[in-house]
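Visitor: I would like a close look at one spot in this model, and then at the helices and cores around the rest of the chain. Please keep it brisk.

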Amino acid sequence: MKKILSLVLVMSLLLSMAMVGATAMAEGSQLVGVAMPTKDLQRWNQDGENMKAQLEAVGYQVDLQYASNDISTQVSQIENMISGGCEVLVLASIDGESLGTVMSQAEEAGIKVIAYDRLIMNSTAVSYYATFDNWLVGVKQGEYIRDILDLDNAEGPFNIEFITGDPGDNNINFFFDGAMSILQPYLDAGKLVCPSGQTEKAVVATANWATDAAQARFENLLASYYGDGTVLNAVLASNDSTALGVANALASSYTGEYPVLTGQDCDVASVKNMIAGTQSMSIFKDTRTLAAKTVEMVDAILKGTEPPINDTQTYDNGTGIIPSFLCEPVFADINNYKEILIDSGYYTEDSLK
């Protein structure tokens, strides 16, 4: 009888240990959905892979999807994440206005949504927002143009053109408006002049942030307004894919001294252009930092604690202020790119040759 009782106790203990192990495994294998807009831009590949690696490193399973800049594909991917048991969704939307229905599905299922770098608009399903300080991105671009042209001291006037990104991306409002907060006073005073007259955000937007569209527009601008030898002193480009289109257009038809040309993301092609002197600067948004902060937010949500937040005033998606974490961007140019990009391990020297 004692042997039987001992055996029962041992089996009970083993069963309890197995249940604890199974529970721990279940907790460690919680599923997180990560939706990225496209693989066509280098930065989204880095964002997605960084996030996946860091989430897996702390024990979560990850469903990472890229949507080829097709809204219906992204909606379908998110629907599959919801039905597939994802407990948190991290979404970098293609169009922040076009996810209403699928966001309602996530909300009904009780799934927390973190908008990643692009704010999802007009949805109460969005719980948090993780991004860089996008107003500061534009401010730094504007300040760079101001400082390089020495607008406070030089006589001028200087000619400038503008290009920003996809009108469906809420970030362009912060990028462009932040830059114009610096540059508009010089336009008003006549120190900066835009020969094309194209200074409105809606006019200078670029669908899908597409390089070929940016190039085509600037080839037309150069032919129409600079073909007579007029000097182009500066181009405010909101990111690297549009800056690359500008650089390609300049290389094909512009014979003057290269203008100050801004960018964002420090894509390899644009860093190579900085080294070659055909792009002046690019805002560096270290996706490792943003991914790490987003992983902290996901981990807190799944553990029932408060995610890290440092902004509760800036980002209103139409339903109210979305609690956000804003990482701080810096700029890289020919003078500091080695320290910021190579010494930090983001790139190797060979990758930039």
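Visitor: In which helix does Leu 136 lie?

Guide: Leu 136 lies in helix H5, residues 134-149. This is a predicted model, where local features need pLDDT of at least 70, side-chain atom pairs count only at pLDDT 80 or more, and totals for chains, interfaces and linings use all residues. Residues are numbered from 1 along each chain as its sequence is written, and side-chain values use heavy atoms, without hydrogens or water. Helices (H or I, at least four residues) and strands (E, at least two) are DSSP runs, numbered from the N terminus.

Leu 136 is partly exposed, with a relative accessible area of 23%. Buried means under 20% relative accessible area, exposed over 50%, and partly exposed in between (1.4 Å probe, protein chains only). Leaving aside neighbours within four places in sequence, Leu 136 is in contact (heavy atoms within 4.5 Å) with Glu 328 and Pro 329. Pro 329 is 193 residues away from Leu 136 along the chain, yet their C-alpha atoms are separated by 7.4 Å.

Now Thr 131. It is found in strand E5, residues 126-132. Thr 131 is buried, at a relative accessible area of 0%. Not counting residues up to four places away in sequence, Thr 131 touches Asp 117, Leu 290, Tyr 315, Phe 325, Leu 326 and Cys 327.

H2 and H11 pack at an angle of about 40°, with their axes 9 Å apart. Axes are lines fitted to C-alpha atoms, for helices over the stretch in contact, and angles run from 0 to 180 degrees between N-to-C directions. That makes H2 oblique to H11. Angles under 35 degrees count as roughly parallel, over 145 as roughly antiparallel, 65 to 115 as roughly perpendicular, and the rest as oblique.

H2 covers residues 42-57. Its 16 residues should span 22 Å at 1.5 Å a residue, and its end C-alpha atoms are 23 Å apart, which agrees. The expected span is 1.5 Å times one less than the number of residues. Buried in H2 are Arg 43, Trp 44, Gln 46, Asp 47, Gly 48, Met 51 and Leu 55. Their cover includes strands E1 (31-36), E2 (61-66), E3 (88-91) and E4 (112-116), and helix H11 (287-303). Just after H2, Gly 59 takes a positive phi of about 105°.

Leu 55 also belongs to the largest nonpolar core, which has 55 residues. Such a core is a set of buried Ala, Val, Leu, Ile, Met, Phe, Trp, Tyr and Cys residues joined through side-chain atoms within 4.5 Å. Leu 55 is one of those with the most contacts inside the core, as are Val 34, Met 36, Ile 114, Phe 162 and Leu 192. Helix H6 (residues 171-189) gives the largest share of this core, nine residues. Apart from it lies another core, of 26 residues, including Ile 78 and Met 121.

Last, helix H9. Helices H8 (residues 211-225) and H9 (residues 240-253) pack at about 40°, with axes 7 Å apart. They are therefore oblique to each other. Leu 250 sits in H9. It counts as buried, at 0% relative accessibility. Leu 250 touches Leu 222, Leu 232, Tyr 258 and Pro 259, not counting residues up to four places away in sequence.
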